[in-house]
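Here is a friendly walk through one protein model, from its overall build down to a few individual residues. Keep the viewer open beside the text as you read.

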Amino acid sequence: MKALTFLARRFVAGESPQEAVRVGERLRARGIHATFDKLGEDVHDQDAAARATSASCELLRLIPSGIERNISIKMSSMGQEISRDLCLANVSQILDVARETGGFVRLDMEGSKLTESTIAIFQELRKRYDNVGIVLQAYLHRTPDDVKEAVRRQDRVRLCKGAYREPASVAHQDMAEIRKAYVACAHELLANGNYPAIATHDEELVSETIAWTRAQAIAPKRFEFQMLYGLRSSRWQELVADGFNMRVYVPFGTHWVPYFYRRLRERRENLLFVFRNLFR
Ligand code: FDA
């Protein structure tokens, strides 16, 4: 377990919010923004949801003013699976603190059993808040419609491929199909959306975004790239040097195991990194 803790540190900034903020300060010095995520998901009792809510409020207050107060949260941690009203109340509390501190809150997207409810709660929150954004997953068959609706409402969207195992009835399974779906959604968001985030490490998609936005004369400041802490750090710097906005997702906390395993499952290189270090 100790070895895993050490290895997880490639992908997780630390256990405390202070360690995450220090990472944010180092990124800021390199011209890179951060979004902070206190790891934890699937809360099934009201007290745990209240603790997760308070932790997000404290985090927003702890981030110094020199760094953007930008956090990502999981609705399942805020009581989504207990009751919609409880979740709405908890997330509203976080958005009130974000408003007070000039912060922004991104609702991460989880497995497909939560998609509909996450979007419904988000739309409810959007009636009262403009400092909240959503994540849409290109692998889901429903996402082109969700993108159209987000563009119509001028919601802020982070577009990712999708990290959860889903059945073929719900999501594309083939990487070529997922990339094709990603590009179509990205074009719609880049052309007509509100400051979309292109969240991927896939060079094919990063290069395509650069080429396509240049061809369409879409200014680099109208969108941002996002990548995960620990993945492709030299590319972050190149994108900043080329005039693009770059944000790194900085996870921290003690509940890092599910997040760590999702990263390992995604890429052979990530697994190889772990094995190389385990047997060194
Ligand atoms: P993928 O892993 O599919 O790799 C494709 C190609 O990218 C590779 O063949 C290689 O060319 C290149 N590549 C990837 N990693 C590399 C590396 N380390 N070094 C060099 N090349 C590399 N998911 C979700 O379901 N809900 C969410 O809320 C979020 N949030 C989120 C935020 C941010 C900022 C990011 C970047 C991602 C997410 N995700 C997510 C995760 C996302 O859905 C997806 O699972 C991962 O980003 C992996 O897909 P990629 O497109 O990044 O590359």
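Predicted model: local features only at pLDDT ≥ 70, side-chain atom pairs only at ≥ 80, totals over all residues.

Residues are numbered from 1 along each chain as its sequence is written, and side-chain values use heavy atoms, with hydrogens and water left out.

**The whole protein**

The protein contains 11 helices and eight strands; these are DSSP runs, with helices (H or I) of at least four residues and strands (E) of at least two, numbered from the N terminus. Along the principal axes, the C-alpha atoms fill a box of roughly 55 × 50 × 45 Å.

Of the 280 residues, 54% count as buried. Buried means under 20% relative accessible area, exposed means over 50%, and partly exposed lies in between (1.4 Å probe, protein chains only). The accessible surface comes to about 12,800 Å², and carbon and sulfur atoms hold 52% of that surface; the areas come from the Shrake-Rupley method with a 1.4 Å probe.

Contacts here are heavy atoms within 4.5 Å. Among contacts with a separation of 6 or more, 72% join residues 24 or more positions apart.

**Strand S5**

Where does S5 sit? Strand S5 covers residues 156-160, and five of its five residues are buried, so S5 is largely enclosed by the rest of the structure. Arg156, Arg158 and Cys160 are buried on one side of S5, and Val157 and Leu159 are buried on the other. S5 pairs with strand S4 (residues 132-137) in the parallel sense over five bridges; a pair needs at least two bridges found by DSSP. In that pairing, Val135 stands opposite Arg158.

Val105 lies in strand S3 (residues 104-107). Not counting residues up to four places away in sequence, Val105 touches Ile71, Ile73, Ile94, Leu95, Ala98, Asn131, Val132 and Gly133. The C-alpha atoms of Val105 and Leu60 are separated by 9.4 Å, and the two residues are 45 residues apart along the chain.

Gly103 is in the loop between helix H4 (84-101) and S3. The C-alpha atoms of Gly103 and Leu7, 96 residues apart along the chain, are separated by 31 Å.

**Two loop residues with positive phi**

Gln154 has a positive phi of about 55 degrees although it is not a glycine, and it is found in the loop between helix H6 (143-153) and S5. Ala217 also has a positive phi of about 55 degrees without being a glycine; Ala217 belongs to the loop between helix H8 (203-215) and strand S7 (224-228).

| Residue | Relative accessible area | Class |
|---|---|---|
| Val105 | 0% | buried |
| Gly103 | 9% | buried |
| Gln154 | 33% | partly exposed |
| Ala217 | 67% | exposed |
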